[in-house]
Amino acid sequence: MIYFTYGKKSFTKFLGYFGEKTECPQCGKSYCRSLVRHNTWAHFDEIPLFPIRCQYIIMCPICANSKVAEKAEAKKIVSEQLHMNEDLTVYGKDIIAKHQKGIFTADTSKELWVRDNKTGEEILVAEGISSMHIKKQKKYRGLKEIKVTKE
Ligand SMILES: [Zn+2]
């Protein structure tokens, strides 16, 4: 018997920063906003068929507080305003001292950080989180990877 699989897949991509530094209402840090593209495609047997949805997300590059951009606004940003004036690295820490023994205990030994490579400032975004949470953040922020260092 032959099985076909049909489904949806989403792809996210960090496109750059735009505009002036603005203070984030959630984390209080002042940085240029990120623009992230979230694309959803229909798939048939792992073959992308057609796009179902394309959204542009305006995001705080520190805490990922975000909103969906209007289509016209997103187009304008993409064509005229993207820049790379920020130099930020999102990374994780695996706190070995917080490792729990036993297979049924929750994985809450990770932390999410953002480093400002210009000033050297390191900002703690979330603590007591799991590696799954870090994977989700990687996807949501449209990053290729979030390196996790052992501490
Ligand atoms: Zn923020």
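I began with the lining of the largest pocket: by class it holds 12 nonpolar, three polar and seven charged residues. Ala, Val, Leu, Ile, Met, Phe, Trp, Tyr, Cys and Pro count as nonpolar, Asp, Glu, Lys and Arg as charged, and the others, Gly among them, as polar.

I noted the ground rules. This is a predicted model, where local features need pLDDT of at least 70, side-chain atom pairs count only at pLDDT 80 or more, and totals for chains, interfaces and linings use all residues. Residues are numbered from 1 along each chain as its sequence is written, and side-chain values use heavy atoms, with hydrogens and water left out.

I looked up the volume of the largest pocket, about 450 Å³. A pocket is an open set of points on a 1 Å grid over the protein atoms alone, where a 1.4 Å probe fits, with protein on both sides within 12 Å along at least five of seven lines; lining residues have an atom within 4 Å of a point. The volume is the space filled by probe spheres set on the points, which are joined across faces, edges and corners.

Which residues are closest to the centre of this pocket? I found Phe14, Leu88, Gly142, Leu143 and Lys144, out of 22 lining residues.

I checked the strands (DSSP runs of E, at least two residues). β6 gives the most to this lining, four residues. Domain 1 (1-86) and domain 2 (87-151) each give at least three; their bounds come from an automatic or database domain assignment.

Last, I traced an open sheet, β4-β3-β2-β1-β5, with antiparallel pairing. Strands pair if DSSP finds at least two bridges between them. β4 (66-68) and β5 (82-83) are at the edges with a single partner strand each, so one side of each lacks a neighbour in the sheet. Phe18 has Leu82 in β5 as its bridge partner.
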